[in-house]
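Could you keep the structure open while you read my notes?

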Amino acid sequence: MPNKVPITINVNGRSHSAEVEPRTLLVHFLRETLNLTGTKIGCDTSQCGACVVKLNGVTVKSCTAFAVQADGAEVVTIEGLAQNGNLTAVQEAFWNNHGLQCGYCTAGMIISVTEIIERNPNPSPEEVRAGLEGNMCRCTGYNNIVKAALAAAAAGQGG
Amino acid sequence: MFAAEFEYRKAGSIAEAVQLLADNPDAKLLAGGHSLIPLMRFRLARPELLIDIGGIANLRGITVSGDTINIGALTTHAEIAASAEVQQANGLLAEAAGGIGDPAVRNRGTIGGNLAHADPASDWATVLTALGATVSAQGPSGSRTIAVADLIEDAFATALAENELIATVSVPTLAANQRAEYAKMAHPASFYAVVGGAVVVTMDGDRCTAASVAVGGLTPRPVKAPSVEQALAGTTLTMDSIADATARLSDDLSAAGVDIIGDVYASADFRASVAPVEVKHALLHAIGLAHH
């Protein structure tokens, strides 16, 4: 049995320390150790984007990172976006534009859209679609997801 | 899916990583993990020890000095795509980086890890072969320079010794009269190259004075195309002269003595017939007769 490794990860502003098997994936650590089950496991092969979280400020597929690689890092999951019960502009826009159907892809979609708008505050529909290349919606609800992203960007522009 | 059990060590320096590699024949290096972790989860790789080099700061970053762009092995595809220095010095590097995988994959995958993994469908292998890039391989007795064209020996096999790691990737800047382009047929789910063609042309007005052409995705390692290069050199580049030159690619694929890859998505015959088309597209982009 390999040695467990002590790690400390700041998740949604709170520091968590644990001893993990090196093969523990970041998504397993979030869901099973911290009970943050908003992040989903979809394809499990880094293609669908259901498991996207922020790691040190950028989106990553948490099914393709070991928890030990996040030692000392800052992680933001869907649970960490709303502050004091106030949804972010992206979350509000998904709600208002019916940007989700079954909801399974939604956590990953919202984290990815948040990054798209951070990098480009005024994206075109094409830029939103290109930015969501790695996020699949098996309900095929893409039009409303793109609408939500554009609405969130417009809200951020004061529109 | 869980990987098989393994031990984990974090290396604090290149020297420590090289020492750990030398001491542990069944060890693998872990950088961004975007090639290795999927292989381990499918149990196609079962290293006993993972040496995490992700925290070694001097393996990261981009510097341009003279006519060379030096990219630390841990630099991510996203960092290369977004680098104003890279866009200025060699636009093809930024463009190719931005076409790898999807945004979250590009945030994590590294140029050094991509080359060391030597996937036949790698965009970097083909692009860097055409650009004449080199890597600096660091081992116990120092470093040596290996051309990317020689680094990739076969599918998932490189010229790196067991105790060497890629520290830096060095790429020539493009001169004002050089154009470089890459065109690929991408797999619709993974965006990996089914077939890719990369070209660098040196121009004197409309006339091409020198060309470098490589194809990949359809072969276990990138293949240079000297027949196509010779046909382009000294020629005024037009639709017709480009079509004539790229028709010679089959000679180069035969001469390279490599198998053409075929799978359930794209047969070997299909890939071989697409390869000259991708090279043609890249050349037409290079001279402004086609657009992305």
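The points below start with the ground rules, then go through the domains and one set of strands.

1. A word on how to read this. This is a predicted model, in which local features need pLDDT of at least 70 and side-chain atom pairs count only at pLDDT 80 or more, while totals for chains, interfaces and linings use all residues. Residues are numbered from 1 along each chain as its sequence is written, and chains are lettered from A and ligands numbered from 1 in the order in which they are written.

2. Let's begin with chain A. Its domain assignment gives domain 1 (5-80) and domain 2 (89-156); such bounds come from an automatic or database assignment. The C-alpha centres of these two domains of chain A lie 21 Å apart.

3. How do they meet? In chain A, 14 residues of domain 1 are in contact with 11 residues of domain 2, where contact means that the C-beta atoms, placed from the backbone, lie within 7 Å. On the domain 1 side, strand 3 (52-55) and strand 4 (58-61) of chain A are the elements that give two or more residues, and strand 3 of chain A gives the most, with 3 residues. Helices (H or I, at least four residues) and strands (E, at least two) are DSSP runs, numbered from the N terminus. That side of domain 1 of chain A divides into 7 nonpolar, 5 polar and 2 charged residues. Here Ala, Val, Leu, Ile, Met, Phe, Trp, Tyr, Cys and Pro count as nonpolar, Asp, Glu, Lys and Arg as charged, and the others, Gly among them, as polar.

4. Now look at strand 1 (residues 5-11) of chain A, where the side chains alternate. A:Val5, A:Ile7, A:Ile9 and A:Val11 point to one face and are buried (20 or more other C-beta atoms within 10 Å of their own, with C-beta atoms placed from the backbone).

5. Strand 1 of chain A has two partners to find. It runs antiparallel to strand 2 (residues 14-20) of chain A, with 7 bridges, and A:Thr8 has A:Ser17 as its bridge partner there. Their hairpin has 2 residues between the strands, and A:Asn12 takes a positive phi near 55 degrees in it. Strand 5 (residues 74-76) of chain A runs parallel to strand 1 of chain A, with 2 bridges, and A:Glu74 is the bridge partner of A:Asn10. Strands pair if DSSP finds at least two bridges between them.

6. Finally, chain B has domain 1 (7-52), domain 2 (63-171) and domain 3 (178-286). In chain B, 11 residues of domain 1 are in contact with 18 residues of domain 2.

Terms used: Two residues are in contact if their C-beta atoms, placed from the backbone, lie within 7 Å. A residue is buried if 20 or more other C-beta atoms lie within 10 Å of its own, exposed if 12 or fewer, and partly exposed in between; C-beta atoms are placed from the backbone.
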